[in-house]
There are 2 protein chains.
Amino acid sequence: MIDLVLQPGMSATARPVATIPDCAARDLRFPFAIDVREACRFDALAVDRRRLACDDVLFRGDQPFAMMYAVRFGSLKSSRPDHRGQPHITAFHMSGDLLALDAIYTGRHASTMCALEDCEVWELPYGRLLEAMHNSAPLMQRFHSALSHEIVREQAVALYANMNGAERLASLLLDLSSQYIERGYSGRRFRLRMSRADIGNYLGLTIETISRLLGRFRNEGWIALHKREIELLDYERLKSLLISAPTGLESHQGVLSHP
Amino acid sequence: MIDLVLQPGMSATARPVATIPDCAARDLRFPFAIDVREACRFDALAVDRRRLACDDVLFRGDQPFAMMYAVRFGSLKSSRPDHRGQPHITAFHMSGDLLALDAIYTGRHASTMCALEDCEVWELPYGRLLEAMHNSAPLMQRFHSALSHEIVREQAVALYANMNGAERLASLLLDLSSQYIERGYSGRRFRLRMSRADIGNYLGLTIETISRLLGRFRNEGWIALHKREIELLDYERLKSLLISAPTGLESHQGVLSHP
DNA sequence: CGGCTTATTGAGTGCGTTCAACCGGTGTGG
DNA sequence: CCACACCGGTTGAACGCACTCAATAAGCCG
């Protein structure tokens, strides 16, 4: 049973913080926490909050896993070593996302999590989360949902494999746009929190290709670009990149029988 | 509370079957079921088993989600529509794997699951699974572990983005080899259950490239190939493809500061 | 100012695609 | 029985996208 309301900080940078229910009630862009509140009918689950500056590392791959993290604000990137030992970015995260989902399996972090800007995350001790879930079926289901959601997101990344550069980039831009819309921000104008190198690494393209593609999109009038500030001027054209092949070359490599 | 030992079949092809604990005790290559047995100290959780022939579809994307499935024997592929509506294979599954993990989030199947050969799967009603987990903390944690494991697997697929064709193929072959070893089969000689088209689709390469790469691997003496029967003759060379670039061209597109 | 990082642009190369032909096995029907 | 179509797989030749290498520009910071 969880009976703590305030809990001492677990790390040097952690500070004591209020219980989840108070905050969750005020922030609907925090889906998982909403049902943590449900759990708190039985237990008062307290968390520490933690501030990160740009380039700060929240946790590193292979470190022992004890905490999950919920992003309060800010953006992060998670990376894993690729076949050559070089980091490959597997995901970008923003407010409301639950982090370290991939660490449960081995009990050690699979990814390294790095802040792309100033962030605040909430530390959720996994053991206490388990206890809370044991007492609250809705919380447990919500947690399953978060894990399942992450699987769906990773699958979507796998679809990049059969896309060309323009399609991958358009896909990322539209995805970021949706993310911002879901969180109540403008999906038309936003700031790319990650560098060109990060984008290229994530999409499996080089930094030069990213630069060229962004330039092409700008010249075509589909986007406006000012440093990392981006404006999506022509949603439809960007979306149409993903439906029909831009060159008219339809190949469908390895077509299958079951859609 | 789950109080059924035998449960009527839910589908036309389903047949009544024994309770999980009996079988799980006899089959260690069924990781999730092992801890289902744990749950059965409290409840008798019965399942239907279902046979599939090659090319049979277990469930289709967008269908309502009610069942999870545990693979008893056989292999399957799961696919999702890509940006052009064409199916893209996101994973291959074999005995012991838990299916439909990606359906929890929306309550509808995200993928279409198709048998690559004769299969038997166990139907696990998700609602009953939830009840069982509510009564058994170890089962719940085991389930989290399975979900987390799936996330890690999907992440590994994302690493293909920065690999060339030979690296992707070698990676798949070695992964399949490990899968068979884990299940007590030979990791050196096995049968590719999937077509060249499936492999190409999964890896993001064309069928011609797969054929050429397999031919090259054979000519180099790294593998022996007879139709779909494959023998890995030189593990080390295949692995070395993944550590250092075979051409000597080290690029590391988009190198980052945090490994 | 110099040094560094990030981003842009250009020219040439190569890997994987594209299009095409071909092969072996299998099933089907006259 | 053979002729034929069909499917999965292999092989060849040419093209094109993205990589590679290189040079340049624009910020940022000490």
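## Fold of chain A

In chain A, 71% of the contacts with a separation of 6 or more are between residues 24 or more positions apart; two residues are in contact if their C-beta atoms, placed from the backbone, lie within 7 Å. The model is predicted, so local features need pLDDT of at least 70 and side-chain atom pairs count only at pLDDT 80 or more, while totals for chains, interfaces and linings use all residues. Residues are numbered from 1 along each chain as its sequence is written, and chains are lettered from A and ligands numbered from 1 in the order in which they are written.

Chain A has eight helices and twelve strands. These are DSSP runs numbered from the N terminus, with helices being H or I of at least four residues and strands E of at least two. Of the 259 residues of chain A, 44% are buried. A residue is buried if 20 or more other C-beta atoms, placed from the backbone, lie within 10 Å of its own.

## Helix α6 of chain A

Helix α6 of chain A covers residues 196-203, and because six of its eight residues are buried, the helix is largely enclosed by the rest of the structure. The buried residues are Asp198(A), Ile199(A), Gly200(A), Asn201(A), Tyr202(A) and Leu203(A). They pack against β5 (76-81), β6 (87-93), α5 (165-182) and α7 (207-219) of chain A. After α6(A) comes Gly204(A), with a positive phi near 75°.

## Helix α5 of chain B

α5(B) has 18 residues and reaches 26 Å from its first C-alpha to its last, close to the 26 Å expected at 1.5 Å a residue; the expected span is 1.5 Å times one less than the number of residues. Its buried residues include Glu167(B), Arg168(B), Leu169(B) and Leu173(B). Among the elements that cover the buried residues of α5(B) are β9 (189-191), α7 (207-219) and β11 (229-232) of chain B. Just after α5(B), Gly184(B) takes a positive phi of about 90°.

## How the two chains meet

Chain B has 60 residues in contact with 59 residues of chain A. The largest share of this side of chain B, 15 residues, comes from α4(B). The side of chain B that touches chain A divides into 29 nonpolar, 23 polar and eight charged residues. Here Ala, Val, Leu, Ile, Met, Phe, Trp, Tyr, Cys and Pro count as nonpolar, Asp, Glu, Lys and Arg as charged, and the others, Gly among them, as polar.

Chain B is superposed on chain A by a rotation of 180° with 0.0 Å of shift along its axis (RMSD 0.0 Å). The two copies are thus related as by a two-fold rotation axis. The same surface serves both copies, as 98% of the contact residues of chain B recur in chain A.

Definitions and conventions
Copies are superposed by least squares on the C-alpha atoms of residues with pLDDT of at least 70 in both. A residue is buried if 20 or more other C-beta atoms lie within 10 Å of its own, exposed if 12 or fewer, and partly exposed in between; C-beta atoms are placed from the backbone.
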